[in-house]
Amino acid sequence: MEVLKTHVLRRKTWTVACFWRRHVAPKPSVRRISTSARRSTVMPAWVIDRYGRNEVLRFNRNMMLPIIHYPNEVIVKVHAASINPIDVNMRNGYGAIALNMKRDPLQMKMGGDEFPLTLGRDVSGVVMECGLDVKYFRPGDEVWAAVPPWKQGTLSEFVVVSGNEVSHKPKSLTHTQAASLPYVALTAWSAIKKVGGLNEKNCAGKRVLILGASGGVGTFAIQVMKAWGAHVTAVCSHDASDLVRTLGADDVIDYKAGSVEEQLKSVKLFDFVLDNVGGATEAWALKFLKKWSGATYVTLVTPFLLNLDRLGIADGMLQTGLTVGSKALKHFWQGLHYRWAFFMASGPCLDDIAELVDAGKIRPVIDQTFPFSKVPEAFLKVERGHARGKTVITVIK
């Protein structure tokens, strides 16, 4: 019993191999002690030294190569990355207060200490070095991951990620293809499975409405819902309708053809709504759910970070709690579940997603690929909106 207690307590340091990850990398009989020491090695990276418009992006040839600080970390050589709307928003300063609090909870550092800041959340690459407690990976493994926004990003030659954030790359995908998925896949996975409560066992026959269906999160959500047997109605523009149909959408509503609210009045009610748009859609989307049946509305567009930026930590947290609490209670008394969802980094979830990819149930949707030298152009592409999938950066050709 004492052994079991020790294993459970040390789960976060990766002592437990069989409880939650499927693959344990074989270890040599005589293990070489591998530690990272500070060194003068540098690498190329795209960084920002202040928040602002696209001109703040700077190519830095002399960014210090990252080192392992904790025994559960790995260093990954980046083969491909991608740009998400969160990267554009972070470049502009969105969420700076909350993210800096996460980086420095005790507020011991000076303001602006996060610079030079490397953006980019997605990575597909090869493990170069492992911390002493990493049991699931070894140098040479091809992996993919989504790096949390408070950490240094992936628009660089190397990146450090925690062992519980990384997963073996799907064998059926190239690095360029794989880099298009982790952040949007984990965001959708959080909204659908963790917050929405849908999974492969209870999703069959459910009617699902996806608002903003042609972007990165939407295209993944369509595919995973169809893989689990749901009936999917996708809302997008007419020029994206063919794309979402090929991904499996049963019905497509063109938001440019007239009021989406009016168009939805002629269809059956839904069991689940995933809102990637926010704003005015929240005012009417919930009335198309089946009341008193466990139907759920989940939005990925929340004022959480904006509240913290505008009001500070204490008042921002209070305002956020009041907002989500009052809305959840209001809709609960109307027979509906109202939820907010956020991206959650998770290697084990990426393991499950990789299985779906290798089974042919999920495919990457790439809008455009840019070389590493064209990162500013890629940011502008994402900033213009109207995405048809993901914008990917090829770091190694």
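Leaving aside its neighbours within four places in sequence, I192 contacts (heavy atoms within 4.5 Å) G197, L198, A221, V224, M225, W228, F272 and L274. A second, separate core, of 18 residues, includes L209, A295, L336 and W340. A nonpolar core is here a set of buried Ala, Val, Leu, Ile, Met, Phe, Trp, Tyr and Cys residues joined through side-chain atoms within 4.5 Å. Buried denotes under 20% relative accessible area, exposed over 50%, and partly exposed in between (1.4 Å probe, protein chains only).

In the largest nonpolar core, which has 85 residues, I192 and M225 touch the most other members. Helix 5 (residues 182-195) gives the most to this core, with eight residues.

## Model and overall composition

This is a predicted model, in which local features need pLDDT of at least 70 and side-chain atom pairs count only at pLDDT 80 or more, while totals for chains, interfaces and linings use all residues. Residues are numbered from 1 along each chain as its sequence is written, and side-chain values use heavy atoms, with hydrogens and water left out.

The chain contains 13 helices and 16 strands; helices (H or I, at least four residues) and strands (E, at least two) are DSSP runs numbered from the N terminus. Of its 397 residues, 52% count as buried. Among contacts between residues at least 6 apart in sequence, 72% join residues at least 24 apart.

## Helix 6

The end C-alpha atoms of helix 6 (216-227) are 17 Å apart, which agrees with the 16 Å that its 12 residues should span at 1.5 Å a residue. The expected span is 1.5 Å times one less than the number of residues. Because 10 of its 12 residues are buried, helix 6 is largely enclosed by the rest of the structure. The buried residues are G216, V217, G218, T219, F220, A221, I222, Q223, V224 and M225. Just after the helix, G229 takes a positive phi of about 90 degrees.

## Helix 12

Helix 12 (residues 347-358) has 12 residues and reaches 16 Å from its first C-alpha to its last, close to the 16 Å expected at 1.5 Å a residue. Nine of these 12 residues are buried, so helix 12 is largely enclosed by the rest of the structure. They are G347, P348, C349, L350, D351, I353, A354, L356 and V357, and they pack against strand 6 (142-146), strand 8 (166-168), helix 5 and helix 6.

At the start of helix 12, a side-chain oxygen of S346 reaches to within 3.1 Å of the backbone nitrogen of C349. The helix is followed by G360, whose phi is positive, near 85 degrees.

## S124 in strand 5

S124 lies in strand 5 (residues 122-130) and is buried, with a relative accessible area of 0%. Its side chain makes a polar contact with the side chain of H175 (2.8 Å). A polar contact is a pair of N or O atoms within 3.5 Å; within protein, one must be able to donate a hydrogen and the other to accept it, and residues adjacent in sequence count only if both atoms are side-chain atoms. Not counting residues up to four places away in sequence, S124 touches K77, V78, H79, A80, V143, W144, K169, H175, A178 and A179.
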